[in-house]
Structure formats: C-alpha cells, structure tokens
Amino acid sequence: MTDPDDFFDQLDDAEAVTADDTDSVQSSVEQSEADRIRSERQTTSQTPTRSQRRSYLAPKYVARCRFCRCKFSDIDVAHHHEGRCKAEPVAQCIHCEEEIQSQESSEEHLKSCDAYHSAIQEEAEQEDSSASENEEENSERFSRLFIDPQPHEFHAYLKWDCADRENPLRSYFGLRSLQGEHDFEDHGRLRAAVDIDGDEWTVEFGFKESGIAPRDSPTFELDEVREYLTYVYPSAYSSWEDAKSEARKRAYFRISPRWPDIETKEGLRSMSNPCNIEGYDVEVEGSNWDFEQYPQVLQQALSALADRQGFRFNSHSPIHPEDFAPERIHRSSNIVDGELYVRVKEGETGQIIAYDGALHRISLLLAGDREGYAKSVRDDRECSGHYHTATIDSRRAGQLVSDHELAKEFKHYYMRNPDAVEGTALENPKVGVSFQNSIHDGTLYWDDLDQLVKELDESLLNVLDWSNLPTEPDNKIFVADDYFAVSGSRRWRKLLPDQLPRIESKQDDQLFATMTQMNATDAELVDTLLTDGGKKSPKELAESIGTHLDTIYRALKRLAPLVDHTYGEVQLGSKYIAQELTGYIDAVSESIQSGWEHALDELTRAESYGDSDPWSRWLDKYGGKISQTEGTDPDDLDIGYKPSTVREARQLLREGARRWAEVTGEPLRQFAFAFAPAITTVDGKRYAPKYFAAALGTPG
C-alpha cells in the first residue's frame, strides 16, 4: 500500500458532495454500501432524523481520478484504482507534447514524430560544432601568441594547364587582341583601374619579345610570340617604377604561352616544358602581399583588362580570367623567393648584429663544403648594421632548427638612404628571413607554400628569441609601418634553445680532441690551408708540403673533424674552426718540433689563463705542463723546453717561481710547496730537485 499522501498528489483533492446528483460510475462497492445502510435502518430502534438520513444517503467521497474523473469514498478503493485507469496516459512526447497512452504506442509515436527527428538532427549538429569549438579552444589553450611578421618580397613561376581543350591558349589570344586595340607608341602602356580589398589600384598592360618560335600549328596564326606584362600598384603613384622606388605594395606578372615541344628562335638557348603544359607560364614578382594572394591579384587585374576590350574592334578575342583560377595552378609551379620581416626599434638590435651576435655566429659556425654552404655580409658604410646577412643552404638549415629543409638568408637592414627617412617609422631597421632558391637542394613548389611560411616564421622567431628580443607583440620593441602591424596571433611554432652555443661547443670538442693527435704533417697541412685559404686539392697539398699523396690522405682521415674533404677539394670545416686554429697552430707546431707530445695543454692553458699575466706567459714560453696530484702533494710541473745545462734549468725554474709569486701574491718559497718541477736538458739529464725550496735560494 502506498502512502495516501502520494496518492492525493496525483488525484484531485477530496471534496464533500452534498448534491443528490446521480453518480455516473456504478460499482459493486457502492451497491454493498447501500445494502449495509438498509440493514442498519431495519435493526435500529430509533427512527433517524432527516439530517441523519441525509448523512447516510449522501456519502462523502475522499478522492477523484483526474484522468477518468471517477469519485471514490473509500481510500482503499482509490489506491486500487491508481495506476490502473485506462484513461491515464503513460507518457507525453517532450518534442511535440502529444500524450501517449501506452508503452507500445510511445515507441510507434517516436518513429513518426517529426519534432523528435528534427531534435536529433539539431543535437548531432551541435555536437559537431561543440567538438570543433573544443578543438579550437584546445588549440588556443596550447598554442602561443606570437608577433605576426609581414610578407615582403616574393618571386615565383606559376603555371596553368589549359582550361579549354578546344582553345587552350584563348586568353593568350585575348591579350594579343588587347594589344592590337591600344596605341602603345602614342600612349604608352594601357592603364585600367581595379578595386582590391577596398583600395583603388592601377593596372598597366604592356608586352615584350619572348624569343619563342611561333608554334607549328594551323590554329596558331601569329608570326611573333610575345610575352604580356601586367603591373599592379597603388593608384596614388604615377607609374610602377615610382611605386617600386618607394618600396610600395605592388605586383608584376609576365605571362608567357606554353605548349608541348615548344622551341626558341634560332641562336637562343632552348627552353623546357617538362610537364608538356598547354597553357601559361606566369612569372610573379611583388612585395607586401600575402604570398597566397598573388594568383587572386592576377585574376582581378586580368578582369580589369578584359573590361577594356571591344572599344576599337567589333570582333575581338576575349580574355578569360577564370583560366588563371588559384585552384587550377599546376603542380609544377615553384617559388624562388619569399621573405617575412618585423621592424624593430632603433637601438634594440645590438645582439643580432654584434660580432658575436646571432647573424655573424650563424655564418661563422655553419660553414664548410662537406655539410653545406654558408656566407655572411657585413656592410656598415651607411650606418651601423646597415646591411648584415647570414646565408645557409638547405643542409645547414636542419642544424640550426631541426626538421627545417629550406635554404635561408637571415637579414638585418635599413632603408637604402637612412637619412632620408629620419623621424619616420622607416628609420628603424628590419629583421627578416628569406628563402634562397639559388643554394637550395631541390625545388620549392607552390604546394609547399605552407612549409615556406612555417620555416621562415619559425626561423625569424628563433633569431629574435636568441637575441633576447620578444617573440610576442610589444609596442616598446616593434615599430609599425604602412604594412607591418604590431599584432599577434596564436599558432603552433617551435622555439628552441639557442643552437649556436651547442654547435660552437661541438666544434671546440672536435678541435681540441683532434689537435692532441696531430703530427708534423697534420700541422703543416692545417697551416697551409690557413695560409693559402680557400679550397685545395690533396695533390696540391702534397706538392706544397713536400710529402707523398698517401701521407696527405692519412692526414685528412685523422683531421676529418676539422677539415672537409669532398669532390677532390679540401677546406677547413668552418670559419670558426679556422679562426680558432689561427691562434693555436704556431704553438702546436713548435711543440711538435721540440718533441713535446702534449700540445693540447697549451691550448687548455690559453683557455684557462689567457695571455695577460706573467705566469701564463712563462708557461707558454717554456711549454710548462701542470698535472694535478691527489692529496696535499705538490702538483707536477713538467717543462717542455730543454735547457743546455742543469744550471740553466735551475735559473729557468727560479724565473718561473718569481712570475708565479708575482701573479698569486704568495711568498716565493711557497712555489716549492705548490709544484714539483722537472726539466730535461739537451743532453738528456733530468733535473727534478726533491727539495726545490733550497734551489730557490730562500731560507727554510
């Protein structure tokens, strides 16, 4: 039995019924109640009053079913009715709010409920949207905010295969038709106006000779094959040249036809068309546009030129800008130049252009033929840091930033005439990174554009970071100009610890480890490379040193960490190695010639003490080697120099003791407690006094 209160929550509240209305529900329960009343009326001895009779005949109902509206005077009967009423619906559809009478009908209802199916579809779409938002949110959460560099110079060769097989060169003939409609001799290049991104631009149209021989085809009726030139620049400038001289945003397109078996005129270098394109080859140059925007600019410029057709000829061949749709760029299209830059406040780039700064160290450490190409340029004639570059090829790029493959030029430069822009944003230098196609291993295709942007962006951010400059937007460090804005975005970019100290340390290890094993031939070989510079063949080295060629090859094998030997040419492994060897090779050669086999000690001492104090100079002069001993015993001091007599040896040690005392401030006699010296004379006598204090001529 359930609690009566629960029942009342589901049914209408009980109410007393005083009217004599006929009850619509007949039941055995009510009949039994009537029989009981009659029986009591017959057995009572007292005649009931009218009010008493009314109370017997008008039962008080305790509840009513809210579904079938049946009234109940007995609570037990009401509980029995609960949950069994056929009028009670089992559910209500939350989508269309229709009441459902049974479990079976509820399942059938959902199959045909339009509101239900619409809700399911909407929920699925929301889940997809939520997943996408979560992915973006996670990307935002884990990516970093970086300064956005500005695209600068760009150069590429974009190719389009024919869009119309029946007339594959239709747009080329359209350009030829436009050429015939304009009087270039009297009016110069044809001009048109075009709106790009809400700004007004001038489009100039011209042509030049191509050197391509006319096509041997009945459909090609031209006696001269020309290349058509399209220039796009701000309408505020009177010419393309003026806009270029002021480094304004601009684009240039040289449109040349292509077909299988294309040939050049007699006497000219033949041209290739390896993919047998029948369409167009377009050279693209420009500045300050986003790289991917150039094909769109070309289409818009051609649309403006197409609007100028038909003014002179009734029948003309139209230009079809859709032939140059970005999505139809041929896979052989390639990029030869692209640069990203930031503009940095004057005076904040010292750690980039310093002699030990990022640019110089990149070229200094990443040089040598065996592992690639590196070059540096330092031009300070106009002003300090006017034009500094460091160039590395694709093989060196991966050493600087792991997984990078593109040859690059790291740049720090000012405007050509700094004084002319004094007081403006342009007086501040640019720091940029550009792709270097001329020393790149392979081809950078248009489809690799994302890789280009990523590598240039990462390289630039790392150079900033290694130079203690911010990698996020900072108006105190970066300076906005007409194109570069001090703004940032969140993106995935790899920032690495400064790789240059690691490379330098590795080369130091190679330098010291190799020089301990050098013999006379090795030293002469290194000295020859340092003296003559550049690259020499093994045969030239053998002739220069005066030794057998096999000896040179054995020396090159021992010197492999320091010397690059490839393609019959020999050179030092890097400018840094050459620089370090210059300071040490004389000492190594002298040590080898005097028979001292521990040349490395001189190098270590030079690193530890420098050459500014008398004690260090004395050690260097006489080849002093200090070996530490355990406990309180004096350190061993072995002198490489061979005096003529023991007396000379004694005088030599006294001089060394005086230099040591001068530097350390210790009493002279303390030298005997600090060191146990040993010297070998020319005739082989070894002088190693057990009580050296006595030899110093001092008391005690």
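**View 1. Asn 428 counts as buried, at 7% relative accessibility.** Buried means under 20% relative accessible area, exposed over 50%, and partly exposed in between, with a 1.4 Å probe and protein chains only. The model is predicted: local features need pLDDT of at least 70, side-chain atom pairs count only at pLDDT 80 or more, and totals for chains, interfaces and linings use all residues. Residues are numbered from 1 along each chain as its sequence is written, and side-chain values use heavy atoms, with hydrogens and water left out. Asn 428 sits in the loop between β15 (408-413) and β16 (430-435). Helices (H or I, at least four residues) and strands (E, at least two) are DSSP runs, numbered from the N terminus. Leaving aside residues up to four places away in sequence, Asn 428 touches Arg 343, Val 344, Lys 345, Glu 346, Tyr 414 and Val 479. Contact here means heavy atoms within 4.5 Å.

**View 2. Eleven strands form an open sheet with antiparallel pairing.** The strand order is β7-β8-β9-β10-β11-β6-β12-β16-β15-β14-β13. Two strands pair if DSSP finds at least two bridges between them. At the edges stand β7 (190-196) and β13 (374-379), each with a single partner strand, so one side of each has no neighbour in the sheet. Neighbouring strands of this sheet are turned by 15 degrees against each other on average, direction ignored. Axes are lines fitted to C-alpha atoms, for helices over the stretch in contact, and angles run from 0 to 180 degrees between N-to-C directions. Nine bridges pair strand β10 (residues 250-258) with β11 in the antiparallel sense. Ile 255 has Val 282 in β11 as its bridge partner. Helix α14 (residues 449-466) lies across β12 (334-343), β15 and β16, and runs at about 30 degrees to β12.

**View 3. Gln 293 lies in the loop between β11 (279-287) and α10 (294-306).** Its relative accessibility is 13%, so Gln 293 counts as buried. Not counting residues up to four places away in sequence, Gln 293 touches Ile 196 and Asp 197. The side chains of Gln 293 and Asp 197 are joined by a polar contact of 2.9 Å. A polar contact is a pair of N or O atoms within 3.5 Å; within protein, one must be able to donate a hydrogen and the other to accept it, and residues adjacent in sequence count only if both atoms are side-chain atoms.

**View 4. Four strands form an open sheet in the order β20-β21-β22-β23, with mixed pairing.** The edges are β20 (624-627) and β23 (686-687); each has a single partner strand, so one side of each is left without a neighbour in the sheet. Helix α22 (residues 646-664) packs on the sheet and touches β21, β22 (675-680) and β23. The direction of α22 makes about 145 degrees with that of β22. β20 and strand β21 (residues 635-639) run antiparallel and are joined by four bridges. Ser 627 stands opposite Asp 636 in β21.

**View 5. Helix α7 (residues 170-181) is largely enclosed by the rest of the structure, because ten of its twelve residues are buried.** Among the buried residues are Tyr 172, Phe 173, Leu 175 and Leu 178. From first C-alpha to last, α7 reaches 17 Å, close to the 16 Å expected at 1.5 Å a residue. The expected span is 1.5 Å times one less than the number of residues. In the protein, buried residues make up 44% of the 700 residues.
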